[in-house]
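The sequence and structure are shown first, followed by notes grouped by topic.

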Amino acid sequence: MAKSINICLVGQKFMGRTHSNAYMKVAKYFDLALQPVMHTLVARDQAELAEFARRWGWANTSTDWRAAFQNPEIGLIDIGTPNNVHAEMAIAALEAGKHVACEKPLANTLAGARQMRDAARKAKKSKTFVWYNYRRVPAVALAHQLVKEGRLGRIYHVRGYYLQDWAGPDVPLIWRFQKKIAGSGSHGDLNAHIIDMARFITGEEVAEVSGAIMETFVKERVIPSQGSTGGISGGAKGSAAKGRSDVDDAVLFLGRMTGGAVCSFEATRFATGYQNKNGVEVHGEKGAISFNFEDMNYLSWLDNTVPARLRGWTRVPTTGGDHPWAGAYWPPAHIIGYEHTFMNQAADMLNALGGRKPIVPLPDFEDAYQTQRILEAVSVSVRERCPVKVREVK
Ligand code: SOE
């Protein structure tokens, strides 16, 4: 009888769907150390709960996360909620002796993220994971491997961008525009991803935030008359009343990496024309990589060690059996999509829980806390209009 683990997922909106899809399908494609059992779905909205559970294959439902977390049958708790409840839920789950997976960013505040990190340190028998899913794009994992193999050599430049354009003036004041819930806007939502990707690919940390700016283009939004229906803009309908958006719509910062490279990051919800364009570029002495999620099945690679007359960018298809996870799906060049990044993460989490080594590092709470420190350093740099050493952000 294959070993399995009962999963409790909290959340039934956008990430509830991506995670449910991953648990439903992962065992079809991967040989897993533990089989996922979709045991309990927890959400606030009783009306939608039963239909969501039926559609996505959850055996039980509950609107009481505290009671569900105490269920001795549950082994893994997966938090797919807005950011403000990540800490309370993750700490309760760890104290209940569960393994915990949590959506990014770790928390809506540095203090909350620190409490999660400390709770994970205390919970010796529990593993923790954070859904920085873009690490599980085969092309991004290949970039990580190339740097690790020394094929880029000394790194000079790191560039990250996350460009969306959904947040126009007509979008109501959903939770993503409320600092008390989200913690920040494009910063914690999008910049977090590219900071994590840059750390993952280079193996380096951001040592200093040298300068940063944030902008809120739309300062007032209509208060939603109905809740979010899931998805980025929430699908909520506006009412007559308006409320203040107290988060950034765009953030840019410059910095220095621990290995001596300079870095630049840009994250925005107002890059008209780009709906979900994210990427990282790394320029080294011996080579360079460029990843663009809009072209997610390819990695651009430049080998700077070949004779100049042969030197140029190669567009490497990352869909072959020798690329991370790709071989689990289809023959080469039969491309994969956004949802596969969550399936790849689910596979690595289930294998890690079963004692196997993941193909590339999985971010746990300790790792994700480093990204949260960099996010905080950027916010301090914006507020104080000065450079900030990340080592001073504890
Ligand atoms: C909204 O910006 C969002 O759903 C992010 O929260 C996700 O992390 C990203 O993958 C897609 O866009």
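A residue is called buried when its relative accessible area is under 20%, exposed when it is over 50%, and partly exposed in between (1.4 Å probe, protein chains only). The model is predicted: local features need pLDDT of at least 70, side-chain atom pairs count only at pLDDT 80 or more, and totals for chains, interfaces and linings use all residues. Residues are numbered from 1 along each chain as its sequence is written, and side-chain values use heavy atoms, with hydrogens and water left out. Helices (H or I, at least four residues) and strands (E, at least two) are DSSP runs, numbered from the N terminus.

**Helix H9**
- Of the 16 residues of H9, 14 are buried, so the helix is largely enclosed by the rest of the structure.
- H9 covers residues 338-353 and reaches 24 Å from its first C-alpha to its last, close to the expected 22 Å; the expected span is 1.5 Å times one less than the number of residues.
- Just after H9, Gly355 adopts a positive phi of about 90 degrees.

**Gln372 in helix H10**
- Gln372 belongs to helix H10, which comprises residues 365-384.
- Gln372 is buried, its relative accessible area being 6%.
- Beyond its neighbours within four places in sequence, Gln372 is in contact with residues including Pro105, Leu106 and Thr109, where contact means heavy atoms within 4.5 Å.
- The side chain of Gln372 also reaches the backbone oxygen of Ala107 at 2.9 Å.

**The sheet**
- Six strands form an open sheet with parallel pairing, in the order E3-E2-E1-E4-E5-E6; two strands pair if DSSP finds at least two bridges between them.
- The edge strands, E3 (60-62) and E6 (128-130), each pair on one side only.
- The twist averages 25 degrees from one strand to the next; axes are lines fitted to C-alpha atoms, for helices over the stretch in contact, and angles run from 0 to 180 degrees between N-to-C directions.
- Strand E5 (residues 99-102) pairs with E6 in the parallel sense over three bridges, and the bridge partner of Ala101 in E6 is Phe129.
- Helix H2 (residues 46-56) lies across E2 (35-42) and E3, and runs at about 170 degrees to E2.

**Ligand surroundings**
- The residues around the ligand include Phe14, Lys104, Tyr134, Asp189 and Tyr338, each with a heavy atom within 4 Å of the ligand.
- A ligand oxygen atom is 2.7 Å from an N or O atom in the side chain of His193.
- For the side chain of Gln164, the distance from an N or O atom to an oxygen atom of the ligand is 3.0 Å.
- For the side chain of Arg176, the corresponding distance is 3.4 Å.

Conventions:
A polar contact is a pair of N or O atoms within 3.5 Å; within protein, one must be able to donate a hydrogen and the other to accept it, and residues adjacent in sequence count only if both atoms are side-chain atoms.
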